[in-house]
Amino acid sequence: MSRSRAIQSSGNCVRNITADQYAGRAKDELADPRVYCELLRQYSFLHPEFSYLPRKFKIAVTGSPNDRAAVAVHDIGLRMHKNEQGQLGFEVLVGGGLGRTPYIAHTIRKWLAPEDLLAYVESILRVYNMQGRRDNIHKARIKIIVNQMGIDKYRELVDKDFEFTKNGALKVPDDEVERINAYFAPPQYETLDDQTQAIAKIRSGDRAFDRWMRGNVIEHKVPGYAIVNLSLKAPGKTPGDITADKMDAVADLADQYSFGEIRVTHRQNLVLVDVKQAELYELWHKLVALGLATPNLGLLTDIICCPGLDFCALANARSIPIAQDISHAFTDLDELQKIGQFTINISGCMNACGHHHVGHIGILGVDKRGEEFFQLTLGGSSDQNASLGDRLGPGLPQAEVPAAIRKIVDTYLVVRQQQERFLDTYRRVGIEPFKAAVYGEESQAA
Amino acid sequence: MALVKNGELAASSFIDVSGAEAIPAAGPVIVSLDQWKAHRDELLKRGAELGIRLHSDQPPELVAADLPHFAVVALEFPKFRDGRAYSYARLLRERYGFKGELRAVGDVLIEQCSSCCARASTRSTCSRVRIRSRHSRPQWPISASGISRPGMAGRPPSICGSGER
């Protein structure tokens, strides 16, 4: 059975609507975001009014306060949260995006009732359809018009339209939400207890398993189950690549351990979302044998990397060799764990498919008179406190990138306080110490 | 250029004079917004039915108060991918209560016919499409019958957690 389709995967319309990779399973989730993704998909599918927008349009939904869906860098981002009365609704963000003109989205509405979701999204779309720029394809995304007219003006126009849409045919009926919800019904879980004690015992006797559990396994909302991430970031390998044979093996493991479901993440890993805690140790052994148990999820070598010049006609520079070089430079698992939570995102051109603007370290490949250079940015993030990275300095040749990353990491380890993440240290101390570490001699000479 | 109405080729009694210098003395005409502004009184005195042609940067609020004078509002698509007029059509019907004929004119492609003519209650748009000769005429009546929208009208979602679609 295929659940994929290609409709609206291209064109200036509402594209596929995304949620996070743990949707419907994560313990920190308020509600299943996929239900609202599907509601929006049905609404926007072949929509006669919004099939010829000024430019493509991407919507993302997070059901968790810990945003794994990067909603702040989407055209519309929806964050579920509860208002002061304890009612579940959405914070609505608008005008985020990456590419050549990156922006973090603005909050256009602090809380929106789920029943008003379609009406409010329609008003955002209608204002964009009429006001968005059509004179220049590079300035046609909603982020441009929102930032040109200002979020307050955009909000005013949307609210004016919403006065008409909010009590009309787009009011979302509860029974429709229920109906869609039924299609996302959880699998037949067994009634199990959490295996915290038993697993702790195994972990204390098996250091490699302990490492893997620490980063790659995520809490499940159902007792006795866990979410397992399969890292596709083994040292020296191309981030996100997996062979057909291994994919077959993963499919077998999914059948055996996780109700036959595999999820693919935008961070270029795979997830088995419904694994029994009692079977984690057994599954881990099999993943180790397949080379899919690299315990680096969320760590420095869990790099997002676009295909780059090796494969892509748009690219200015090769990104895969940079990712490989960095992963070769940081192979010590103890060190990686000591460095802690870290994202490096690499794009081979300014279209930013590797999301470099929102990597704690971003690396952008540029072409300078036929030579490849790599520009570093620091301090980006796509989570609930999203930010765009700041440019560190002039581009570096490929050979100097791993050493520069090393210098940045060393500086961080010196100036960080307690268990502070790199991102938090950066936000506290600013760019200067890192600039001095990477460009020290040259910048003094200049 | 041919005119399609509700999936059938149709005749138009209106002459589009929006690009012309002179407006004929009699007969139904479609004028530009500039012509309407400049010759409003004369046009009303002619006694014949009137239509107005709006460019894609002329939102309907510019003529909202004058709509009772028009039997036709022709919405221009300067490029097929300029979709502003779809919103204008919607606003004309639902906000401004325009009951006359909405006509899509300009670079309207056969694939867009169903968008122009969508007739579901919340998506009413154009009732007529004036087309260029880019496509052979027999294609149009077929296309205008539209595309069904999976997932709507009580059908199950096409992407979901479990089960066949």
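Me: Helices (H or I, at least four residues) and strands (E, at least two) are DSSP runs, numbered from the N terminus. With that in hand, where does A:Gln8 lie?

Reply: A:Gln8 sits in the segment before α1 of chain A. Before we go on, the ground rules: this is a predicted model, where local features need pLDDT of at least 70 and side-chain atom pairs count only at pLDDT 80 or more, while totals for chains, interfaces and linings use all residues. Residues are numbered from 1 along each chain as its sequence is written, chains are lettered from A and ligands numbered from 1 in the order in which they are written, and side-chain values use heavy atoms, with hydrogens and water left out.

Me: Back to A:Gln8, then. What is its phi, and is the residue buried or exposed?

Reply: Its phi is positive, about 60°, although A:Gln8 is not a glycine. Buried means under 20% relative accessible area, exposed over 50%, and partly exposed in between (1.4 Å probe, protein chains only). A:Gln8 comes out at 13%, so it is buried. A:Gln268 also has a positive phi without being a glycine, near 70°. You'll find A:Gln268 in the loop between β7 (263-264) and β8 (270-276) of chain A.

Me: How do I read a helix pair, say α1(A) and α2(A)?

Reply: Two packed helices are described by the angle between their axes and the distance between the axes. Axes are lines fitted to C-alpha atoms, for helices over the stretch in contact, and angles run from 0 to 180 degrees between N-to-C directions. Here α1 (residues 33-44) and α2 (residues 117-131) of chain A have axes that come within 11 Å and cross at roughly 55°. The crossing of the two is right-handed, that is, the near helix is turned clockwise from the far one by less than a right angle, with anticlockwise being left-handed.

Me: Which residues make that contact?

Reply: Contact means heavy atoms within 4.5 Å. On the α1(A) side you have A:Tyr36, A:Leu39, A:Leu40 and A:Tyr43, and α2(A) brings A:Leu117, A:Leu118, A:Val121, A:Glu122 and A:Leu125. Sorted by class, that is 8 nonpolar, no polar and 1 charged residues. For the classes, Ala, Val, Leu, Ile, Met, Phe, Trp, Tyr, Cys and Pro count as nonpolar, Asp, Glu, Lys and Arg as charged, and the others, Gly among them, as polar.

Me: And at what angle does α1(A) pack with α5(A)?

Reply: About 110°, with the axes of α1(A) and α5 (residues 174-183) of chain A 9 Å apart. The two helices are therefore roughly perpendicular to each other, and α1(A) passes α5(A) in a right-handed crossing. From α1(A), A:Val35, A:Tyr36, A:Glu38, A:Leu39 and A:Gln42 meet A:Glu176, A:Val177, A:Arg179, A:Ile180 and A:Asn181 of α5(A). The class count for this contact is 5 nonpolar, 2 polar and 3 charged residues.

Me: Now the cores. How many residues does the largest nonpolar core have?

Reply: In soluble globular proteins, nonpolar side chains tend to be buried together. A nonpolar core is a set of buried Ala, Val, Leu, Ile, Met, Phe, Trp, Tyr and Cys residues joined through side-chain atoms within 4.5 Å. The largest one here has 44 residues, and A:Ile124 and A:Tyr154 have the most contacts inside it. α2(A) gives the most to this core, with 9 residues. A second, separate core of 34 residues includes A:Ile303, A:Ile322, A:Phe330 and A:Phe434.

Me: What does A:Tyr154 touch?

Reply: Not counting residues up to four places away in sequence, A:Tyr154 touches A:Ile108, A:Ile124, A:Val127, A:Tyr128, A:Ile142, A:Ile145, A:Val146 and A:Met149. In α3 (residues 142-149) of chain A, the buried residues are A:Ile142, A:Lys143, A:Ile144, A:Ile145 and A:Val146. Their cover includes β3 (88-94), β4 (106-112), α2 and α4 (151-165) of chain A. After α3(A) comes A:Gly150, with a positive phi near 90°.

Me: Last one: where is A:Tyr281, and what is it in contact with?

Reply: A:Tyr281 lies in helix α9 (residues 280-290) of chain A. It is partly exposed, at a relative accessible area of 26%. Leaving aside neighbours within four places in sequence, A:Tyr281 is in contact with A:Ile202, A:Asp206 and A:Phe209. A:Ile202 is 79 residues away along the chain, yet the C-alpha atoms of A:Tyr281 and A:Ile202 are separated by 8.1 Å.

Conventions
Parallel < 35°, antiparallel > 145°, perpendicular 65-115°, else oblique.
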